[in-house]
Amino acid sequence: MAFFRPRVSREAEVRFHADQEISKSFPELLAKARQAEAVVCELRAAGAPEMELRAAGLHFDKALTDALRAAEAGQRATFGVKAYDDRLARRRAKATPKGAMWTAEVDRLRTLREENRLTGIPRLPRPVPAAR
């Protein structure tokens with residue numbers, strides 16, 4: 001008696017291949033995020049005005065978001081095609097050394113991005129409209 005094993009859905013295969021392509025750009029995006037972080041640190045050390053710090057902080061946030069998206073795609077691609085459809089396969093894949101590495105990297109980038117959003121981007125007062 002043969003048991004039927006359901007194949008992975010076509011949508012999962014398409015998403016898997018798309019995630020593989022996106023994850024290839026992770027090293028470059030991470031390098032851009034590191035450069036943006038260095039610029040923010042240099043501006044803070046130099047005592048730059050808040051407008052420049054805000055612009056640099058927003059640029060760093062965008063670079064971190066792009067790197068985080070690529071890391072998440074790499075994480076999903078590392079988990080494998082079955083993990084797109086099966087929660088248990090996804091959980092099992094997180095326990096592998098590569099899966100744990102990607103999960104730690106995604107968590108690290110998320111934490112860094114949230115820290116930057118909370119403390120790294122200075123808030124500027126809104127301009128008050130002129131009274132007529």
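Is Lys82 buried or exposed? Lys82 is exposed, at a relative accessible area of 51% (buried means under 20%, exposed over 50%, and partly exposed in between, with a 1.4 Å probe and protein chains only). The model is predicted, so local features need pLDDT of at least 70 and side-chain atom pairs count only at pLDDT 80 or more, while totals for chains, interfaces and linings use all residues. Residues are numbered from 1 along each chain as its sequence is written, and side-chain values use heavy atoms, leaving out hydrogens and water.

**Lys82**
- Lys82 lies in the loop between helix H3 (50-79) and helix H4 (87-94).
- The C-alpha atoms of Lys82 and Glu13 are 8.8 Å apart, although 69 residues separate the two along the chain.

**Fold and shape**
- The protein has five helices and zero strands (DSSP runs numbered from the N terminus: H or I of at least four residues for helices, E of at least two for strands).
- The radius of gyration is 21 Å, well over the 14 Å from the globule rule for 132 residues, so the protein is more spread out than a compact globule (the radius is taken over C-alpha atoms, and the rule is 2.2 Å times the number of residues to the power 0.38).
- The C-alpha trace spans about 85 × 40 × 20 Å along its principal axes.

**Burial and contacts**
- Of the 132 residues in the protein, 36% are buried.
- Of the contacts (heavy atoms within 4.5 Å) between residues at least 6 apart in sequence, 76% join residues at least 24 apart.
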